Amino acid sequence: MLRGAPLLTRWYDGRTPRAHAVHVHIEGETLVIAPQEPDLGVQRHPVARVRWPERRTHGLRQTELPDGGLLQHADPAEWDAWWAAQGLAESFVVGWQQSWRGVLIALVTTVAVLGITWVWGVPWASERIAHNLPEAIERRIGAESLAQLERLFLRPSTLPEAQQQALQTRWQAMVQRAHPAGDAPAHTLSFRASPRLGPNALALPGGQIVVTDELATLLHDHPDVLMGVLGHELGHVHHRDGMDMLVRSTFISALVGVVFGDMGGFIAAVPAALVTQAYSRDAERRADQRAAELLHANGVSPAVMATLFDRLRAHRSQGAGGDEEAGLLPIAIASHPADAERIRFYREWAPSAR
Ligand SMILES: [Zn+2]
């Protein structure tokens, strides 16, 4: 079947630089090239084996033949009209590429999808992963994390045993009163000396809360404020912020671990993440909220927490002590922003506010 009129164009045989005038047309699935010079035979090529020109806006149309020959057509509009008359389905991609608007839409869509994935997808997926990891993995991560911090920052506590015991008892009583149904998240509280972290507290995956001797000493006359700090750390345990942060910052390794069941890469990435990453502002707000609720449930005004920020500020302005460095461990409470907003949160907190 002949589709459309033959087109007069130029053909090169691929061996000599001489152009020959030919008529081309398509019969069924065959491209037929009929030279005007009678001594050159008619050629046939399967349409599918011909490299047809991409339809761009400008430029001559060059068609590559399977035997190394070439068709060249100087007038793109004429070629395109002939091509269209052949009724062959134009490649979707060629048509798509032609439109700058199509390119722009494709680009914007790609960027948007990547952006949405990064901004919402990774945090969303991290939370799912963090909340679905087996407890044994979380405990192992917690133990590795503590071991890492002990190497870097922590020393055995030198607080008198009686003082430690008094704080433990006070804390357990307050947790009991805030969670009469016994639904407090599982956790442990321990004390460590830390000349490097100074007055500080932190929560690790698996529910380990660590308070430095320096913080206990700084707040020795305000045990309720220390309880508020513990309430904040228990908030991080409750929301599993430690695991969430570790999964988010080592996302690919964690994902591989969950999908393929090999947690080696994830666990190896934990130490670096632990000492460089911070909890999100949202996580800190939620932890502050938990602290306020715990104090309130014990008849203590959350406004007492202003003392924490005052004391930390005073401590720092005295030049701190030894080799202490502010912000050394971003997940620890002394590294959190003690800005006016946070102080106002505790000062103005009321149970009806939520
Ligand atoms: Zn915190």
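Which residues in α5 meet which residues in α7? Let us build up to that contact, starting with the model itself. This is a predicted model, in which local features need pLDDT of at least 70 and side-chain atom pairs count only at pLDDT 80 or more, while totals for chains, interfaces and linings use all residues. Residues are numbered from 1 along each chain as its sequence is written.

The protein has 354 residues, and 30% of them are buried; a residue is buried if 20 or more other C-beta atoms lie within 10 Å of its own, exposed if 12 or fewer, and partly exposed in between, with C-beta atoms placed from the backbone. Its secondary structure comes to 13 helices and ten strands, which are DSSP runs numbered from the N terminus (H or I over at least four residues for helices, E over at least two for strands). Take the contacts with a separation of 6 or more: residues 24 or more positions apart account for 62% of them. Here two residues are in contact if their C-beta atoms, placed from the backbone, lie within 7 Å.

Now to the opening pair. Two packed helices are described by the angle between their axes and the distance between the axes. Helix α5 (residues 161–178) packs against helix α7 (residues 223–238) at an angle of about 60°, and their axes are 11 Å apart. Axes are lines fitted to C-alpha atoms, for helices over the stretch in contact, and angles run from 0 to 180 degrees between N-to-C directions. The two helices α5 and α7 are therefore oblique to each other: angles under 35 degrees count as roughly parallel, over 145 as roughly antiparallel, 65 to 115 as roughly perpendicular and the rest as oblique. As for the residues, α5 brings L167, R170, W171 and M174, which meet P223, L226, M227 and L230 of α7. By class, this contact of α5 with α7 has seven nonpolar, no polar and one charged residues; Ala, Val, Leu, Ile, Met, Phe, Trp, Tyr, Cys and Pro count as nonpolar, Asp, Glu, Lys and Arg as charged, and the others, Gly among them, as polar.

The largest nonpolar core holds 58 residues, and A201, L202, I209 and L226 touch the most other members. Its largest share, seven residues, comes from α7. A nonpolar core is a set of buried Ala, Val, Leu, Ile, Met, Phe, Trp, Tyr and Cys residues joined through C-beta atoms within 7 Å. Not counting residues up to four places away in sequence, L226 touches L167, L215, A216 and L219. A second, separate core of seven residues includes V22, I26, L31 and L71.

Most residues other than glycine have a negative phi. R240 is not a glycine, yet its phi is positive, about 55°. With 22 C-beta neighbours inside 10 Å, R240 counts as buried.

Finally, visit V304 in the loop between α11 (281–297) and α12 (306–317). V304 is partly exposed, with 16 other C-beta atoms within 10 Å. Leaving aside neighbours within four places in sequence, V304 is in contact with H222, D224, V225, G228 and L295.
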